[in-house]
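Colleague: I would like to learn how to read a model like this one. Please show me where to begin.

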Amino acid sequence: MNILAPSILAADFSRLGEQIGQAEAAGARYLHIDVMDGLFVPSISFGMSVIQSIRQCTELFFDVHLMIEKPERYIKEFADCGADLINFHLEATENTADIIREIHTLHKKAGITIKPATPVKEIEPYLDMVDMVLVMTVEPGFGGQELIPECLEKVRELRQILTHRGLGHVDVEVDGGINQKNLRQVLEAGANVIVSGSSVFHNDIDTNVRELLSQMQGC
Ligand code: DX5
Ligand code: ZN
């Protein structure tokens with residue numbers, strides 16, 4: 001199933017609840033939530049208290065993308081504040097398998113994320129443990145960048161490996177630079193969970209979500 005995950009990093013934070021409500025009313029079912037620590041990535045975004053607040057105002061599925069060093073320090077906190085799925089970076093930890101197990105023990109879905117320079121083969125040992133793989137299509141850290149086309153090769157490779165290994169249920173998410181113009185290409189590469197920040201929250205949210213969803217349903 002194809003899923004749109006609007007990224008609140010591009011929202012107007014002074015109207016965050018209202019804008020999330022608009023995305024939900026237009027048909028979005030996931031919300032992508034970017035947590036940045038100023039170490040793993042240069043920027044700092046927000047943390048548990050913001051997630052806890054927005055948890056009160058929406059039923060959307062919370063896809064939390066941790067861009068933080070040593071995510072093992074905070075898995076329980078993010079589970080407790082409202083995450084439904086926790087994505088962490090392979091590059092940020094040496095305890096990948098333990099983190100996946102901890103997320104599952106907390107009854108949340110687990111996703112593993114790779115940056116553009118990290119080859120797919122590095123996550124192969126964990127594919128039968130996860131619910132999702134997030135393939136970054138920009139360098140993590142900032143919204144509004146252009147998609148790096150070479151990353152779509154990794155999406156293709158990953159989808160093929162999953163199919164060959166009988167792991168077709170694992171979601172393949174893509175994040176960064178996805179818009180109404182390149183969406184089809186991204187879906188054709190094999191991604192089924194589509195993060196979109198600027199292309200949802202800039203200009204008219206209702207129109208943006210409806211257009212992206214209609215393209216996704218057509219595939
Ligand atoms: C980047 C974040 C993305 C970002 C995507 O580090 O992980 O989720 O919000 O924003 P756009 O869609 O504007 O590239
Ligand atoms: Zn993200």
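Colleague: How far from an oxygen atom of ligand 1 does a backbone N or O atom of Gly197 lie?

Modeller: A polar contact is a pair of N or O atoms within 3.5 Å; within protein, one must be able to donate a hydrogen and the other to accept it, and residues adjacent in sequence count only if both atoms are side-chain atoms. Here a backbone N or O atom of Gly197 lies 2.8 Å from an oxygen atom of ligand 1. For Gly141, again through a backbone N or O atom, the distance to an oxygen atom of ligand 1 is 2.7 Å. Asp175 uses a polar side-chain atom, 2.7 Å from an oxygen atom of ligand 1.

Colleague: What should I know about the model itself?

Modeller: This is a predicted model: local features need pLDDT of at least 70, side-chain atom pairs count only at pLDDT 80 or more, and totals for chains, interfaces and linings use all residues. Residues are numbered from 1 along each chain as its sequence is written, chains are lettered from A and ligands numbered from 1 in the order in which they are written, and side-chain values use heavy atoms, with hydrogens and water left out.

Colleague: Which residues coordinate the zinc ion (ligand 2)?

Modeller: Donors are N, O and S atoms within 2.8 Å of the metal (3.2 Å for Na, K and Ca); water is not among the atoms, so sites may look incomplete. The zinc ion (ligand 2) is held by His32 (NE2), Asp34 (OD), His65 (ND1) and Asp175 (OD), at 2.0 to 2.3 Å. Along the chain these donors have the spacing H-x1-D-x30-H-x109-D.

Colleague: Is His32 buried or exposed?

Modeller: Buried means under 20% relative accessible area, exposed over 50%, partly exposed in between (1.4 Å probe, protein chains only). His32 has a relative accessible area of 0%, so it is buried. Asp34 is buried as well, at 4%.

Colleague: Where is Lys70 found?

Modeller: Helices (H or I, at least four residues) and strands (E, at least two) are DSSP runs, numbered from the N terminus. Lys70 is in the loop between strand S3 (61–67) and H3. Its phi is positive, about 45°, although Lys70 is not a glycine. Lys70 is partly exposed, with a relative accessible area of 48%.

Colleague: Which loop holds Asn203?

Modeller: The loop between helix H7 (198–201) and helix H8 (205–217). Asn203 also has a positive phi, about 65°, without being a glycine. At 75% relative accessibility, Asn203 is exposed.
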